[in-house]
Amino acid sequence: MSDLKDYPDIADGIEKKGISRRDFMKFCTGVAVTLGLPFGMGTQIAEAVLNPKRPPVIWLAAQACTGCTEALLRSNHPTLEHLILDLISLEYHETLNAGSGKQAEDWLRKTIKENKGKYILVVDGSIPVKDGGIYGKIGGKTMLSLCEDMSSQAAAVIAIGSCASWGGMPSADPNPTGATPVYQVLQNKGIKTPVINIPTCPPNPYNFLSTVLYYLTFKKLPELDDKLRPKFAFSRLIHDNCERRPHFDAGRFAVQFGDEGHRKGYCLYKLGCKGPETHNNCPTLLFNDVGSGAWPVGTGHPCFGCSEKGVGFTVPLHTPAKLKDITPPVNFPGIAEKRGKGVTVAAAAVVAGLAGAAIGAGVATSKKLDKKKTGSESKE
Amino acid sequence: MIDESKPIGGKILTKPFMFFSAIAAIAAILLIKRFIFGIGAVTNLSDGYPWGIWIAYDVVVGTGLTCGGYAISLIVYVLNKGEYHPLIRPAVMASLFGYTLAGVSIFFDVGRYWQAYNPVLPKYAQVNSVMLEVALCVMAYIAVLWIEFTPVFAEKWTDKFRIVSRPLNKVLFVFIALGVLLPTMHQSSLGTLMVIAGKKLSPLWQTAYIPLLFLISAITMAYAVVIFESLISAIALKREMETPMLSKLSLYMVGLTVVYLIVRLGDILLRGKLLLAFNGDFKGFMFIVENLLFILPFFLLSSPSKRNNPKMLFYAAISMLLAGGLYRFDTFLIGFDPGPGWQYFPAFSEIMITLGLISIEIVGYMIFVKKLPVLPAVRPA
């Protein structure tokens, strides 16, 4: 077990920021649990976090609203959030840089050169590729060329947010800039650096932090699904973990915003909730650490499918979702089931008739048996 | 083969044949209704009584009544008493009809009949389930019975069965062994089904010994049915009576009933619930009737002269059949109380469908004994 004392500098830093050792270990264990790892892994994560030789992170912002960064900054443990930003050694981030202009760009070039093949590149936003990528430039270079250059020298690329993952809002029809997801840009150029997509608009910061810490701890990427999303966060359907699911199963739906069903918290499927076809952990992880209900469906708005390729920003907001497995039943069981029926005249008549016939047949048979016996005896 | 079996021949379209076919036809029409409008349209089943006479009679009593194939195999093959061999074929045939129709009846009774094959798919198997054991055992036993009965077809249509009959004869002993094993398993498991009903079943019937009691009473019922059937066919088909053999068989029946009653009454005395039988309610009354029916055959068959009297054998067999049948009805329906307010009595169409299945059994029996070598060849009297 590592101890904060083994890393005096960082340990001092943490304590100065008012974080006890206990809180820090709790955080690391929480990350382990989010990742679906055993509790004991919290220790390993703590060790990785405290390791002074940690790989640098470079954050490239492309066509996006900076919501991903904002979400990351507004996670409800500001001290922890700062801690992590310190710990992952954030080398370059246009929103958070202390310097600007030439100073910042020089630092970027220097970092890339020094950490070639070792840094993690985080990209938020889609890459404009139309007309040679002229629709987005940083420091005189197109985002396209920056993305290609920086990703080819990175250890791994994290495409954060729906824009970087699938193109997102900038790629919505008619897609004037040719907004393209990061993995597509790399594929087009034949760059083999592994890409992790962390969609959602904006992504839950803990999904991002967990992915980064996983990489720091185990020196490999977490298990990904066929859309390159980490499975720990994106393997379950929202619909299957939604607190409104019982209303769906019982056939209680909100039909209009503000109607009785909506006020009572019924299922939002008929308002176009995309929960049934969207994979994400929002219903269980929630946002902003403020407790239950702090996620879109919880606040009464249908899920719009931001973390599912071809759903969010593509399918109209109020179009009903495609149901993957269970469709709502046509009929619903009554509240007070009939408690069975008693005897009817017809049934009683049949039973009585049967009993009568059986007795009659029994008597007749026994008479015949007598006759037959005496008959066979007399024959002998 | 110790004795030769022969088809008895004769006209198929007799009056009883027409009568039972008509009942089967009515049942068939009602079944169309069941498959179009659902179980609720033809039965009185409810959430409290999810099973009714289709299970209590068609499956539980029905397979008990028709496990003659098993009970006679026990004597002939396990106790090695070859003298009873002439009884095997009719008994296996009765099992064949009883079990096949019990399987068919389950198909009518389950709500999602289109998934009825799911128990045989390993991915759906819940290996701790009693129901799974019963389902697999009964399915397997139906198949085993048809294989056990194949030699009868092979004798009738020698040419068509030439390819299968020689290899079949070599492995038939395996199926005969399975035919003894499988009913031992599921006749007791049918009882276990009600052990898991817990306190919903009256203490007069609820005991950990239900499986044992079901197994023993199934065998006694099977002997009773063999006696009953032999006597009836002697009259109806004008055949020689097999009284000496039946009288010996009745001793097995009575002997096993002693074991049954020791377990049954001993258990209820030890549990201290016997007085419930005398508090004047319907369940108590049925308990008394049921056990009196088990005891009655003792008095009917108490001496060798009585045992050689076909009439006494007939009454004793009926008493035993009613006893075993009532015990099963009591355990599955009469002693079962799902809670206040629930009630069940079979609906008219529900009864008619059960009667239809019984009619098919009778009609099938008539055709088979006349056309196939089932009954022993008649020796000069």
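1. Is G284(B) buried, exposed or partly exposed? The model is a predicted one, and in it G284(B) has 17 C-beta neighbours inside 10 Å, so this residue counts as partly exposed.

2. G284(B) belongs to helix α9 of chain B, which covers residues 282-300. Setting aside neighbours within four places in sequence, G284(B) has contacts with L276(B), A277(B), F278(B) and N279(B). S202(B) is 82 residues away from G284(B) along the chain, yet the C-alpha atoms of the two are separated by 9.7 Å.

3. Nonpolar cores. The largest one has 107 residues, and A222(B), A224(B), I227(B) and A317(B) have the most contacts inside it. Helix α7 of chain B (residues 210-236) supplies the largest share of this core, 17 residues. In soluble globular proteins, nonpolar side chains tend to be buried together.

4. A222(B) can be looked at individually. Apart from neighbours within four places in sequence, A222(B) is in contact with C67(B), G68(B), Y70(B) and A71(B).

5. The sheet of chain A. Five strands form an open sheet in the order β2-β1-β3-β7-β9, with parallel pairing. The edges are taken by β2 (90-93) and β9 (195-198) of chain A; each has a single partner strand, so one side of each lacks a neighbour in the sheet. On average, and with direction ignored, neighbouring strands of this sheet are turned by 15° against each other.

6. Within that sheet, β1 (residues 57-61) and β3 (residues 120-124) of chain A are paired in the parallel sense over five bridges. W59(A) has V122(A) as its bridge partner in β3(A).

7. Helices on the strands. Helix α6 of chain A (residues 101-114) lies across β1 and β2 of chain A and runs at about 135° to β2(A). Helix α9 of chain A (residues 182-189) lies across β3, β7 (156-160) and β9 of chain A, and its direction is at about 160° to β9(A).

8. Which residues of helix α7 (residues 143-152) of chain A are buried? They include M143(A), L144(A), L146(A), C147(A) and S151(A). These residues lie on the same side of α7(A), because the arc they cover around the axis is only 165°. An α-helix has 3.6 residues a turn, so residues three or four places apart point the same way.

Notes. Residues are numbered from 1 along each chain as its sequence is written. Chains are lettered from A and ligands numbered from 1 in the order in which they are written. This is a predicted model: local features need pLDDT of at least 70, side-chain atom pairs count only at pLDDT 80 or more; totals for chains, interfaces and linings use all residues. A nonpolar core is a set of buried Ala, Val, Leu, Ile, Met, Phe, Trp, Tyr and Cys residues joined through C-beta atoms within 7 Å. A residue is buried if 20 or more other C-beta atoms lie within 10 Å of its own, exposed if 12 or fewer, and partly exposed in between; C-beta atoms are placed from the backbone. Helices (H or I, at least four residues) and strands (E, at least two) are DSSP runs, numbered from the N terminus. Two residues are in contact if their C-beta atoms, placed from the backbone, lie within 7 Å. Two strands pair if DSSP finds at least two bridges between them. Axes are lines fitted to C-alpha atoms, for helices over the stretch in contact, and angles run from 0 to 180 degrees between N-to-C directions. The arc is that of the directions from the helix axis to the C-beta atoms.
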